[in-house]
Every structure is written in C-alpha cells, then in structure tokens.
Amino acid sequence: MRQTGLHLTGTDALSAFAERLVEQSEVTQDFGSGALFRTSIESMFHKVRAESSNWYLEVLRPESGQFLIGDNPALTVRRDSTPWRCNMAIGDAHSIVLPIGPRHLLALGRQNVAGDIPRASVNQLNTVQVLAADRYVYMHPRSTRLEAFARETAKRWRPNPVSPYRASTSAAGSKKS
C-alpha cells in the first residue's frame with residue numbers, strides 16, 4: 001500500500017509486486033552488472049589463498065609411466081579411498097594437484113617435496129584426471145598405454161561414460177583420450 005498506493009489482493013497482484021521488488025533490489029542489479037559474480041570470485045580467491053598458505057610445494061615425477069592432463073587439470077584430492085576422490089572443498093582436501101606435462105606434476109601438500117612417485121600413485125592421479133575431465137584427457141603422442149588406461153578408467157569409474165577419445169583435428173597431432 002505504501003509503495004503502490006493500491007491495496008494488493010490475490011496472488012497475481014502480490015507476485016507482480018514481489019517481482020518488482022526483486023528487480024529493484026541491489027543484489028539483482030549487482031547480478032545483472034556482473035558485480036555480484038566478481039565479488040564472489042574475489043571472495044573465493046581470498047579464502048583459497050588463506051587456506052592454502054600453510055601448504056607446501058611438491059614437485060613430483062613418475063618413477064614409471066606418464067601423467068595425463070584432463071581438461072580440468074587443477075584438482076583438490078583426497079587419498080583415503082579408491083579411486084582417490086577429487087573436486088571437494090579445499091579444506092577437505094589432502095592436496096591440490098596440477099600435472100604440467102607428462103613427466104611433472106605440481107602439488108600443494110603438507111611438506112616440501114621434490115622427487116619420484118611410484119606407479120600406483122601415478123595411476124591414482126591419472127584416474128582423478130579422467131574422473132574430473134569434462135570431456136577429454138590429453139597425453140603425449142608417444143605415451144605408451146595411456147590411451148587404453150584412460151578408456152578403461154572412464155568405463156570403470158565414470159557414472160555416465162562419455163567417449164574419452166576424439167581424434168585430433170589439429171596438425172599438431174596431440175593425442176586426446
């Protein structure tokens with residue numbers, strides 16, 4: 001009554017008034033301009049930076065085999081199940097991992113480490129790359145057995161397996177799995 005000068009009755013009138021209030025709200029205007037999204041991203045960045053400030057850098061190489069790189073390669077990881085779980089909140093993770101090539105992976109963990117990791121750990125890290133991939137995982141063209149590994153892992157662990165392989169359309173010839 002104060003806002004419109006009318007006595008609103010019925011659900012249609014009240015819905016129209018509620019819609020008008022929502023459209024005029026600061027939150028809705030911030031959403032439309034992108035300000036709310038930006039504020040949310042900045043807030044998340046500061047939270048992740050604070051949470052990870054007590055972690056240390058790990059530079060890892062496989063004793064044997066190679067790392068896959070998924071299309072969502074930076075992952076939070078927990079190692080207390082098989083397969084390792086991924087994509088949980090940073091506070092619930094044991095590590096954050098990022099393969100940067102077939103022979104190197106960077107991670108944030110509980111201590112500074114630079115060294116080789118066993119094949120079983122490489123397989124677990126490759127498995128989480130397959131599980132977290134939106135559509136593809138990538139490997140070096142001369143990778144041995146990784147394409148079969150990616151296909152089998154996707155078939156075994158992904159709830160709705162999407163074909164993990166699509167032939168490269170680029171002249172670069174990078175293998176996609």
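**Entry 1: ground rules**

I am working with a predicted model, where local features need pLDDT of at least 70, side-chain atom pairs count only at pLDDT 80 or more, and totals for chains, interfaces and linings use all residues. My numbering runs from 1 along each chain as its sequence is written, and side-chain values use heavy atoms, with hydrogens and water left out.

**Entry 2: the whole chain**

I looked up the secondary structure and found five helices and nine strands; helices (H or I, at least four residues) and strands (E, at least two) are DSSP runs, numbered from the N terminus. Along the sequence I read α-α-α-β-β-β-β-β-β-β-α-β-α-β. Of the 177 residues, 29% count as buried (under 20% relative accessible area; exposed is over 50%, partly exposed in between, with a 1.4 Å probe and protein chains only). I also checked contacts (heavy atoms within 4.5 Å): among those with a separation of 6 or more, 65% join residues 24 or more positions apart.

**Entry 3: the largest pocket**

Which residues are closest to the centre of the largest pocket? First I noted its volume, about 210 Å³. Of its 16 lining residues, the closest to the centre are Glu58, Leu60, Arg79, Trp84 and Ser95. My pocket rule uses a 1 Å grid over the protein atoms alone: a pocket is an open set of points where a 1.4 Å probe fits, with protein on both sides within 12 Å along at least five of seven lines, and lining residues have an atom within 4 Å of a point. Grid points are joined across faces, edges and corners, and the volume is the space filled by probe spheres set on the points.

Strand 1 (56–62), strand 5 (95–101), strand 6 (104–109) and helix 4 each give at least two lining residues. Strand 6 has the largest share, three residues. By type, I get nine nonpolar, four polar and three charged.

**Entry 4: the second largest pocket**

Here the volume is about 150 Å³. The lining consists of Thr82, Pro83, Ala120, Asn123, Gln124, Thr127, Phe149, Glu152, Thr153, Arg156 and Trp157. The sorting gives four nonpolar, five polar and two charged.

Two of the lining residues, Thr82 and Pro83, are joined by a cis peptide bond, with omega near -5°. I placed Pro83 in the loop between strand 3 (75–78) and strand 4 (85–86). While checking backbone angles, I also noted Asn87, which has phi near 65°, a positive value in a residue other than glycine. Asn87 is in the loop between strand 4 and strand 5.

**Entry 5: helix 4**

Is helix 4 largely enclosed or open? Ten of its 14 residues are buried, so helix 4 is largely enclosed by the rest of the structure. The buried set is Ser121, Val122, Gln124, Leu125, Asn126, Thr127, Val128, Gln129, Val130 and Ala132. From this set I picked Gln124, which counts as buried because its relative accessible area is 16%. Leaving out residues up to four places away in sequence, Gln124 touches Thr82, Pro83 and Trp84.

**Entry 6: helix 5**

I compared the length of helix 5 (residues 146–157) with expectation: at 1.5 Å a residue its twelve residues should span 16 Å, and the end C-alpha atoms are 16 Å apart, which agrees. The expected span is 1.5 Å times one less than the number of residues.

Leu146, Phe149, Ala150, Thr153 and Ala154 are buried in helix 5. They cover an arc of only 125° around the axis, so they sit on the same side of helix 5; the arc is that of the directions from the helix axis to the C-beta atoms. The face turned away from this buried side carries the exposed residues Ala148, Lys155 and Arg156. Cover for the buried residues includes helix 4 (119–132) and strand 8 (137–139).

**Entry 7: Leu68**

My last stop was Leu68, in the loop between strand 1 and strand 2 (69–70). Leu68 counts as buried because its relative accessibility is 0%. Not counting residues up to four places away in sequence, its contacts include Leu146, Phe149 and Ala150, along with Val137, Tyr138 and Met139. Leu68 and Leu105 are 37 residues apart in sequence, and 9.9 Å apart in space from C-alpha to C-alpha.

How values were computed. Nonpolar A, V, L, I, M, F, W, Y, C, P; charged D, E, K, R; others polar.
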